[in-house]
Amino acid sequence: MKNKYKVIVDRYVDLIRSGEMMAGTRLPTHRNLAACEHISLATATRVYAELQAMGLISGEIGRGTFVREIAIPHGHGIDQHAVATDIIDLNFNYPALPGQGELLREALRQVSGAGDIESHLRCQPHAGRLSDREIIAGHLSRGEFHPDADNVIIVNGAQHGLTVTVMGLLRPGDVVAVDALTYSGFKALGALYQLELVAIPVQNDGPDLDALRRICQSRHVRAMYIMPTLHNPLGWVLSHEQRKELVDIARLNDLLIIEDAAYHYLVKTQPPAVAFFAPERTVYVTGFSKNVATGLRIGVVICPEKFRPALERAVRATTWNTPSLIVSMICNWIQDGTVSRFETLKRRDARQRQQILKEILDQLPCISHPDSYFAWLPLPEEVRADRVVKTLMERNISVSTAEPFCITQNAPQAIRIALGSVSYENLRKALQMVRNVIEWA
């Protein structure tokens with residue numbers, strides 16, 4: 001016979017999964033549950049802990065415990081492309097420009113006409129060919145930041161760059177300090193490689209650096225993961241002073257710095273990369289998915305010389321090398337100015353989309369950068385994010401809750417809106433629906 005604790009858990013599971021207990025329903029307090037079911041407070045706490053572990057409920061400090069929306073498709077809210085063709089996708093950013101398809105066709109013709117075409121049939125060095133690394137290093141040089149081609153490793157996209165960094169330089173159980181709201185791909189990577197991600201509280205203009213110091217005093221932190229230039233999802237660009245302060249903390253506590261610069265190209269004027277201030281301990285990761293095209297999976301890792309062997313071993317273990325055919329095409333586009341032209345046009349496009357966002361959402365408390373392809377929208381106190389996401393999905397609009405980006409146990413009631421994947425007309429229509437759903441909720 002099941003014990004009473006299991007009977008209560010199973011009853012709640014049936015009520016929630018059948019829809020009899022709807023998403024957003026507030027559950028009794030732990031103490032009230034204990035009194036109603038004639039169980040101890042510890043047992044009531046255990047009941048809710050198991051339901052939360054199953055993803056059926058969520059507890060929110062100061063508000064209570066609520067039934068979660070479980071009808072949202074599996075994985076929804078994580079950066080991924082919506083499969084249905086009629087979905088207006090405000091969940092994943094794959095910004096494209098008119099005419100890019102024809103440019104791709106011409107680029108392939110150029111590569112096919114090159115004299116060394118047969119070289120693409122052979123394996124390449126794990127880090128990529130030196131000639132390609134020199135071109136990429138030159139493209140990424142800006143202001144005082146001038147990476148050395150010898151320290152460039154070409155990878156299959158920025159996510160692969162983060163993966164080989166984790167594989168090569170960290171171990172399961174390592175403590176990594178990350179912003180309390182951070183890139184969902186790194187959160188997933190941390191779970192996969194069994195890292196302990198410790199949340200740095202966030203402020204309006206960046207991470208709480210005093211809190212980071214306290215974390216380093218109380219825990220043996222191995223690394224920090226940062227997005228100093230166009231943070232995803234909060235859009236901040238750290239100042240010169242904040243970057244230097246981050247570096248001071250890292251040196252004092254001997255931290256590895258993983259600098260994610262996937263969206264850096266959108267900000268034309270910016271302080272030097274953190275890698276400039278701390279080249280001896282920073283792994284700088286970026287790619288050409290956002291500034292060129294998401295389907296061309298070319299990324300870049302810039303690292304201190306001492307880290308190269310470990311990172312190259314990780315490349316060998318995962319992909320051996322990045323396909324040189326696509327790398328050659330990207331490098332040709334760098335040399336003829338196409339990539340710089342794409343970046344200029346996409347900066348202009350992102351600003352236009354932010355203007356549309358500002359016009360339509362008006363007084364809603366959006367958090368964003370005027371040059372970014374995304375926005376963070378905290379919801380009114382009485383509005384739950386999972387219900388907003390579900391309602392929008394029923395209207396063929398895909399957005400993300402805060403949960404994929406949240407390191408702490410209790411995700412804030414907010415949604416993240418990606419702006420770069422739809423036409424201006426569909427963006428206007430979708431944002432108007434976002435506003436309506438929030439106001440009607």
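This is a predicted model: local features need pLDDT of at least 70, side-chain atom pairs count only at pLDDT 80 or more; totals for chains, interfaces and linings use all residues.
**View 1. E13 and strand E16 (residues 414-418) run antiparallel, joined by five bridges.** Among the bridge partners here, Phe-374 goes with Ala-418 in E16.

**View 2. The largest nonpolar core has 31 residues.** Val-176, Phe-186, Tyr-225 and Val-301 have the most contacts inside this core. Elements giving two or more residues to it include strand E4 (152-155), strand E5 (175-179) and helix H11 (308-318). The largest share, five residues, comes from H6. Looking around Val-301, you'll find it touching Val-152, Ile-153, Val-164, Val-283 and Leu-311, among others, leaving aside residues up to four places away in sequence.

**View 3. Phe-186 and Tyr-225 make a stacked aromatic pair.** Their rings sit 4.0 Å centre to centre, with 5 degrees between the planes. The pair ties together distant parts of the chain: Phe-186 is in helix H7 and Tyr-225 in strand E9, 39 residues apart. Phe-186 counts as buried because its relative accessibility is 0%. Tyr-225 counts as buried because its relative accessibility is 0% too.

**View 4. The charged end of Arg-46 sits over the ring of Tyr-5.** It lies 3.8 Å from the ring centre. Likewise, the charged end of Lys-290 sits over the ring of Phe-92, 4.8 Å from its centre.

Conventions
Residues are numbered from 1 along each chain as its sequence is written. Side-chain values use heavy atoms; hydrogens and water are left out. A nonpolar core is a set of buried Ala, Val, Leu, Ile, Met, Phe, Trp, Tyr and Cys residues joined through side-chain atoms within 4.5 Å. Buried means under 20% relative accessible area, exposed over 50%, partly exposed in between (1.4 Å probe, protein chains only). Helices (H or I, at least four residues) and strands (E, at least two) are DSSP runs, numbered from the N terminus. Contact means heavy atoms within 4.5 Å. Two strands pair if DSSP finds at least two bridges between them. Rings of Phe, Tyr and Trp (its six-membered ring) pair if their centres lie within 6.5 Å; planes under 30 degrees apart count as stacked, over 60 as edge-to-face and the rest as tilted. A charge sits over a ring if NZ of Lys or CZ of Arg is within 6 Å of the ring centre and within 35 degrees of the ring normal.
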